[in-house]
Amino acid sequence: MEIINLGAADGLPPVDWAAVVDKLDAGSAPAPDAANSRTTWLATVNEDGSPHVTAVGALWIEGMFWFQTGTGTRKRHNVARDPRCSIAVSIRDADVVVEGDAVQVTDSAVVARTAKAWADAGWPAEPDDSGSGITAPFNAPSQGPPPWNVYRIEPRSAMVVLATEPGGLTRFRF
């Protein structure tokens with residue numbers, strides 16, 4: 001991993017990536033009393049090159065963000081054409097942006113593990129009959145009907161901005 005301390009000119013130490021991962025693994029919320037206020041934003045590239053940003057119910061599992069979407073959504077069409085994307089989220093004392101490529105996951109064992117992680121987090125997802133997608137009693141209306149496709153974002157880089165003293169701004173390249 002390459003660590004680029006973008007705050008060095010201001011005398012700031014580099015951000016500790018392991019501490020950020022610990023917070024992501026724990027599902028850290030932006031504030032102690034904000035247990036359910038963590039919004040994760042997915043940015044994809046529209047066909048004309050403009051950005052498309054939307055809130056998603058993403059999970060951090062095994063060092064990657066995972067999201068799901070319906071077959072007719074813009075984000076699904078965007079990542080099918082151009083897999084480059086980013087996820088942005090606020091965690092306790094920091095803002096994190098992970099950039100990488102979205103890869104559709106169809107392996108039934110991996111889809112089942114991911115569905116279980118969503119269920120454990122409070123959204124009752126489960127694998128569909130084919131095992132290559134997921135279903136649940138509800139989802140955002142914009143997702144269309146189930147089954148929904150599962151994607152992981154294979155990270156290329158991350159940017160972390162610390163919101164507490166001493167502060168920090170660091171880019172990580174994986």
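The buried residues of helix α2 pack against β2 (40-45), β3 (51-56), β5 (64-69), β7 (94-105) and β10 (149-162), where contact means heavy atoms within 4.5 Å. This is a predicted model, in which local features need pLDDT of at least 70, side-chain atom pairs count only at pLDDT 80 or more, and totals for chains, interfaces and linings use all residues. Residues are numbered from 1 along each chain as its sequence is written, and side-chain values use heavy atoms, without hydrogens and water.

**Helix α2**
- K75, N78 and V79 are buried in α2 (residues 74-81); buried denotes under 20% relative accessible area, exposed over 50%, and partly exposed in between (1.4 Å probe, protein chains only).
- These residues lie on the same side of α2 because they cover an arc of only 90 degrees around the axis, the arc being that of the directions from the helix axis to the C-beta atoms.

**Strands β2 and β3**
- β2 and β3 pair in the antiparallel sense over six bridges; pairing requires that DSSP finds at least two bridges between two strands.
- T40 has V56 of β3 as its bridge partner.
- Five residues separate the strands of this hairpin, in which G49 takes a positive phi near 90 degrees.

- M1 lies in the segment before β1 (2-5); helices (H or I, at least four residues) and strands (E, at least two) are DSSP runs, numbered from the N terminus.
- M1 counts as exposed because its relative accessibility is 58%.
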